Amino acid sequence: MPTELEEAITTAGTVSPLIPKAISPLLLEYQRRYSPLLAAIPARQWNSTQYFFNRRVNRPDSGGVVDGGARPIGNSVYEQAVFNIRLFQAVGSVTGFAQTVTRDIVGDLRQIELDGTVSSMLWTLENSFVWGNDGATANGAYPICSGLDYLVSNWTAGTGSSNYTNAVDINGNFALHYLDQLIDLVESNAAMPIGSQYMLVMSPRMASAVSQAFIAQQRFAAPTTVVGAGLNVPTYRDVPIIKSSFLSPRSNQMGTVTTATATTGGTLAAATYYYQVSAVAARFGEVQASVEVSQVTTGATSTVTLSFSTPTNLPDGAGPILYKVYRGTSSGTETLVGTVDAFDTTGTAVTSVIDTGSNLLTNSSGNTGPTGYQGGNTGAKPRNGVQEDIYLVPRDENFLVRPYTRDMQIIPLAPTVTAPDTLPFACVTDTTLAFRGVKYGGRLSRLVAAL
């Protein structure tokens with residue numbers, strides 16, 4: 001005789017095909033991001049492919065004179081700047097069959113897909129507004145706009161202006177006085193008080209480190225309302241703190257990079273060059289740079305080729321949108337020499353970058369992309385798996401604005417003869433990050449939130 005337990009196990013195994021499957025109607029969103037930065041940036045309708053604006057960079061000279069004397073005639077100096085409006089797009093579809101058979105579980109499947117696509121588009125925009133590089137992708141199949149990583153990075157002013165530095169490389173653990181240093185740096189450049197018209201942008205982990213520093217030093221800050229984002233957020237010295245998932249560090253690392261050299265076609269002098277390469281992942285941000293590699297060159301016309309496989313270990317299975325190349329002439333001294341598109345001018349995934357000494361070519365000399373290094377910066381250095389950045393940027397349209405042509409539109413598409421049962425759609429927006437006065441922003445680089 002089987003025991004009651006044996007009988008229950010036997011019975012369950014026998015009738016298991018007859019037991020109906022019960023599925024929870026609650027859909028778990030397994031991929032999430034913090035993206036309030038996008039909503040906190042002032043936006044303005046702009047019906048053009050480019051956003052042009054003028055700025056005065058110098059005022060007429062003035063000074064003392066002797067009695068009856070006169071000073072030379074002086075004039076203001078003006079310049080015109082431009083940001084390219086970039087088209088962002090996502091295309092989705094569900095079948096009529098899937099829409100019908102899932103209705104009892106999830107309701108309107110097509111609407112769920114629409115909502116998910118809009119969220120993904122918002123993440124794509126914020127990722128581009130933090131990590132994008134217009135110059136690197138301008139001639140490619142998937143152009144994006146420049147973000148804070150490039151715009152707020154040891155900036156040098158233009159015509160008629162002095163030079164300003166608005167980024168500081170910390171390379172160490174966070175301490176509260178670094179926020180004071182950042183605020184003072186921007187206030188010195190901007191010659192204006194820094195307060196609620198600005199925002200500190202950081203990762204959730206770094207925001208926790210700031211909160212812990214408040215408690216340790218008995219410095220508390222009352223919440224304030226960020227009108228654009230509709231959020232109640234903490235402040236430091238009246239500056240709202242905005243969290244963004246796209247500044248969070250991760251342990252994901254760029255894979256193995258191999259090197260080769262040629263003695264013609266470039267301008268690299270004879271030396272030993274050290275390189276690291278990092279990837280900027282879609283809807284995520286920059287990952288940890290690769291292990292350092294080196295290459296010896298000879299003569300004065302050499303090139304160095306960096307070869308790698310497309311990263312497959314990026315968060316949530318995301319693909320790369322950019323590669324950042326760091327170079328130095330001794331081990332551990334690499335700085336950002338340039339940024340390249342993750343796809344060459346034919347739309348093929350980039351698996352090699354050629355450093356000619358004057359620019360970075362992708363895949364082959366036939367896919368050169370932009371002329372000259374894009375986004376190079378001797379003050380920017382590779383990040384490890386725990387380092388991240390903090391930005392201080394204005395929330396004032398005079399300094400920072402998001403012009404848009406179409407602001408997140410859903411376009412219904414028609415089924416085709418070859419796919420008559422589809423319910424396709426497209427989500428589009430045309431926009432850019434127009435930092436009209438980049439000296440009014442600041443960055444702390446390579447900070448560690450030690451909790």
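## Before you dig in

This is a predicted model, where local features need pLDDT of at least 70 and side-chain atom pairs count only at pLDDT 80 or more, though totals for chains, interfaces and linings use all residues. Residues are numbered from 1 along each chain as its sequence is written, and side-chain values use heavy atoms, with hydrogens and water left out.

## The whole chain

Let's start zoomed out. The C-alpha trace of the protein chain spans about 120 × 60 × 55 Å along its principal axes. You'll find 9 helices and 25 strands in the chain. Both are DSSP runs numbered from the N terminus: helices are H or I with at least four residues, and strands are E with at least two.

Of the 451 residues, 46% count as buried. Buried means under 20% relative accessible area, exposed means over 50%, and partly exposed is in between (1.4 Å probe, protein chains only). The accessible surface comes to about 21900 Å², and 53% of that belongs to carbon and sulfur atoms; these areas come from the Shrake-Rupley method with a 1.4 Å probe, and for residues only the protein chains shown count as cover. Now for contacts (heavy atoms within 4.5 Å): among those between residues at least 6 apart in sequence, 74% join residues at least 24 apart.

## A four-stranded sheet

Look for an open sheet of 4 strands, in the order β11-β15-β18-β19, with antiparallel pairing. Its edge strands, β11 (258-262) and β19 (360-362), each pair on one side only. From one strand to the next, the twist averages 25°, using axes that are lines fitted to C-alpha atoms (for helices, over the stretch in contact) and angles from 0 to 180 degrees between N-to-C directions.

Two strands pair if DSSP finds at least two bridges between them. Antiparallel strands β11 and β15 (residues 303-307) are joined by 5 bridges. In β15, V304 is the bridge partner of T261.

## Two faces of one strand

In a regular strand the side chains alternate between the two faces of the sheet. Strand β12 (residues 271-281) runs antiparallel to β14, and 5 bridges join them. Y274 stands opposite S294 in β14.

Most residues other than glycine have a negative phi. A191 has a positive one, near 55°, and sits in the loop between α8 (177-190) and β6 (198-202). D238 also has a positive phi, near 70°, and lies in the loop between β9 (235-236) and β10 (239-243).

Buried or exposed: which is A191? It is exposed, because its relative accessible area is 69%. D238 counts as exposed too, with 56%.

## A tucked-away glycine

G147 belongs to the loop between α6 (134-137) and α7 (148-151). This glycine is buried, because its relative accessible area is 0%. Leaving out residues up to four places away in sequence, G147 touches S128, F129, V130, W131, G132 and L433. As for N363, it is 216 residues from G147 in sequence and 25 Å away in space, C-alpha to C-alpha.
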